Amino acid sequence: MTHGPFLRSPVLLVHGGAWDIPPDQLQAHTFGVIRAADVGYDLLSRGASALAAVEAAVTVLEDDETFDAGRGSFLTADGRVQLDALMMDGATLRAGAVACVEKLKNPIQAARLVLERSPHVYLVGQGAEAFAQKNGMALIDNADLVIDRERDRLQAAKARASAGIPDSTFAGDPNSHDTVGAVALDADGNLAAATSTGGTLNKTPGRVGDSSVIGCGGYADNRSAAVSLTGWGEPIMKLVLGKWAVDRVPLLGPEQAAEDAIAYLHARLGGHGGIILLGPDGRFGMAHNTPRMAWAVCDEDGVRTGTHVAEES
């Protein structure tokens, strides 16, 4: 399915989370999103689908311990990694998602398997792992996803909780990190979106945030836009913010729709986060109300990147 007989100029936009990225971590975040954009756009430039590009880009970010996705993710209250991911195809509106998986190195790849090989949209826990294994993915030990940095971070979070210190995870905690995502437009004019996360620090086992929920952490529709969000999941879910933003792109454009979505998130529920939006014409927008957001975009003009700093309100 395409928008017309003419080939489009592909575009890939990725984010590595929206939070208060400390100066000593800026280089790692910037390098990570550049690498993800390079890998995804290389596929697009050779005629691959938008789905393949966002899967490849997010896989790079899941494999990078800098980010809260895959290995190096936040730990649950019981010291394990539980991962969530979503992919959506803007051409067909098919989607695939997994949540609370503990034995998959790259949950975004499992999400694509659900999209392409399952009659369902969403699989969780052991059922999702069994489906992924049946379709060729190897299962790993959860310990392979856990790193010492996150053990220390969990211990510190529990100590703060015991001392009655309020949780600052959603207020730009300088010791945080965040969800990753990608959106792409391929040469055939098709859009796709992908989002992946390890969730929040010290979360209750079984907690699922916005990232893997269709219309919340991600959405794609060739008639409007593709989106990926990052940030405090509970307010994003309550507003179904991904779909809210996508629906406004045809009228407002992705730049304004992105700004409006984050303004709405904060005004309505005091939420914090970031968004990337890509329209079917290749225009894109991004916004966040955290101090920084790591991002990169790649198109025929090459890669542009940065740790985008929020404008003072």
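Reader: Leaving aside neighbours within four places in sequence, which residues is Thr-230 in contact with?
Author: This is a predicted model. Thr-230 is found in strand E8, residues 225-231. Beyond four places in sequence, Thr-230 is in contact with His-15, Gly-17, Ala-18, Asp-178, Thr-179, Ile-236, His-272, Gly-273, Gly-274 and Met-293.

Reader: Is Thr-230 buried or exposed?
Author: Buried means under 20% relative accessible area. The relative accessibility of Thr-230 is 1%, so Thr-230 counts as buried.

Reader: With which side chain does the side chain of Thr-230 make a polar contact?
Author: Asp-178 is among the residues in contact with Thr-230. At 2.9 Å, the side chain of Thr-230 makes a polar contact with the side chain of Asp-178.

Reader: How far apart are the end C-alpha atoms of helix H5, and what span should its residues give?
Author: H5 covers residues 148-162, which is 15 residues.

Reader: What arc do the buried residues of H5 cover around the axis?
Author: The buried residues in H5 are Glu-150, Arg-153, Leu-154 and Ala-157. They lie on the same side of H5, because they cover an arc of only 100°.

Reader: Which exposed residues does the face of H5 turned away from its buried side carry?
Author: Leu-154 is one of the residues that are buried in H5. The face turned away from that buried side carries Asp-148, Asp-152, Gln-155 and Ser-162.

Reader: Which residue with a positive phi follows H5?
Author: After H5, with a positive phi near 80°, comes Gly-164.

Reader: How far is the nearest cysteine sulfur from that of Cys-216?
Author: A disulfide needs two cysteine sulfur atoms within 2.5 Å. The count of disulfides comes to zero. Cys-216 is in none, and the nearest cysteine sulfur, that of Cys-100, is away by 15 Å.

Reader: What relative accessible area does Cys-298 have?
Author: The cut-off for buried is under 20%. Cys-298 is buried, with a relative accessible area of 5%.

Reader: How many residues of strand E3 are buried?
Author: E3 runs over residues 95-101 and is mostly covered. Of its seven residues, the buried number is seven.

Reader: In E3, which residue is the bridge partner of Met-87?
Author: Strand E2 and E3 run antiparallel, joined by five bridges. They form a hairpin with five residues between them. In E3, the partner of Met-87 is Gly-96.

Reader: In E4, which residue is the bridge partner of Ala-99?
Author: E3 and strand E4 pair in the parallel sense over three bridges. E4 covers residues 122-124. There, the partner of Ala-99 is Val-124.

Definitions and conventions
Residues are numbered from 1 along each chain as its sequence is written. This is a predicted model: local features need pLDDT of at least 70, side-chain atom pairs count only at pLDDT 80 or more; totals for chains, interfaces and linings use all residues. Side-chain values use heavy atoms; hydrogens and water are left out. Helices (H or I, at least four residues) and strands (E, at least two) are DSSP runs, numbered from the N terminus. Buried means under 20% relative accessible area, exposed over 50%, partly exposed in between (1.4 Å probe, protein chains only). A polar contact is a pair of N or O atoms within 3.5 Å; within protein, one must be able to donate a hydrogen and the other to accept it, and residues adjacent in sequence count only if both atoms are side-chain atoms. Contact means heavy atoms within 4.5 Å. The expected span of a helix is 1.5 Å times one less than its number of residues. The arc is that of the directions from the helix axis to the C-beta atoms. Two strands pair if DSSP finds at least two bridges between them.
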